[in-house]
Amino acid sequence: MSWDGVSDTLCPIARGLSVVGERWTLLIMRELSMGTRRFDDIQAQTGMSSHLLSLRLKQLEEDGVIERRAYSERPKRYEYFATQKGKELDPILLAIRAWGLKWGEYGPDAETAVKIVSKTTGEVIDKSLRILGKSDIFSFDDTETTLSNAYSNEREQRLDAFKQQKYGRR
């Protein structure tokens with residue numbers, strides 16, 4: 001089976017991968033879950049080329065995973081939001097995060113880049129992947145996130161470098 005034919009198979013894993021089966025999609029969804037909404041900000045945090053980001057956003061919109069909403073008419077500019085279909089990828093992002101925390105070779109005293117806390121129970125969601133007794137689907141909408149100082153600085157440096165490269169300013 002060629003990659004182009006994956007979406008025609010009866011296999012649900014292959015069909016799912018035909019929509020979200022590459023790293024850029026999951027990084028875009030990470031950014032949306034963290035509240036990053038605008039094209040340049042998503043590009044700065046993912047490191048994607050503008051062409052590739054534009055293609056992925058259009059495809060995700062066509063697939064019903066995200067929606068765009070205009071925030072400026074002149075010039076026309078959009079913000080991007082996860083749809084319900086997109087939000088149902090949150091448990092997948094959480095599982096990848098848990099796996100990365102467990103196997104990402106962080107030192108024993110390393111601070112977690114993003115602290116995720118349940119709005120309902122106040123419990124920290126960690127690498128144990130407990131979803132805090134919820135019987136329905138996990139969503140980052142039900143959590144509060146706090147970036148570590150180091151990760152916040154990393155993201156700010158990435159944004160500054162992006163602006164410097166794109167606009168020649170800070």
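This is a predicted model: local features need pLDDT of at least 70, side-chain atom pairs count only at pLDDT 80 or more; totals for chains, interfaces and linings use all residues.
Residues are numbered from 1 along each chain as its sequence is written, and side-chain values use heavy atoms, with hydrogens and water left out. Helices (H or I, at least four residues) and strands (E, at least two) are DSSP runs, numbered from the N terminus.

So, which residues of α6 are buried? They are Asp90, Leu93, Leu94, Arg97 and Ala98, with buried meaning under 20% relative accessible area, exposed over 50%, and partly exposed in between (1.4 Å probe, protein chains only). Looking down the axis of α6, these buried residues fall within an arc of 140°, so they line one face of the helix; the arc is taken from the directions from the helix axis to the C-beta atoms. Over on the other side of α6, you'll find Trp99, Lys102 and Trp103 exposed.

What do the buried residues of α6 pack against? That would be α2 (23–33), α5 (84–87), β3 (114–118) and β4 (124–125), where contact means heavy atoms within 4.5 Å. After α6 comes glutamate 105, whose phi is positive, near 60°.

Now the core. The largest nonpolar core has 24 residues, and Ile28, Met29, Leu32, Val65 and Ile66 have the most contacts inside it. By nonpolar core I mean buried Ala, Val, Leu, Ile, Met, Phe, Trp, Tyr and Cys residues joined through side-chain atoms within 4.5 Å. Two or more residues come from each of α1 (12–20), α2, α4 (50–62), α6 and β3, and α2 gives the largest share, 5 residues. Take methionine 29: leaving aside neighbours within four places in sequence, methionine 29 is in contact with Val65, Ile66, Ala82, Gly86, Leu89 and Leu93.

On to the strands. β1 (residues 66–73) and β2 (residues 76–82) run antiparallel, joined by 7 bridges, and strands pair if DSSP finds at least two bridges between them. A hairpin through 2 residues joins β1 to β2, and arginine 68 has tyrosine 80 in β2 as its bridge partner.

Last one: serine 118, in strand β3, counts as buried at 9% relative accessibility.
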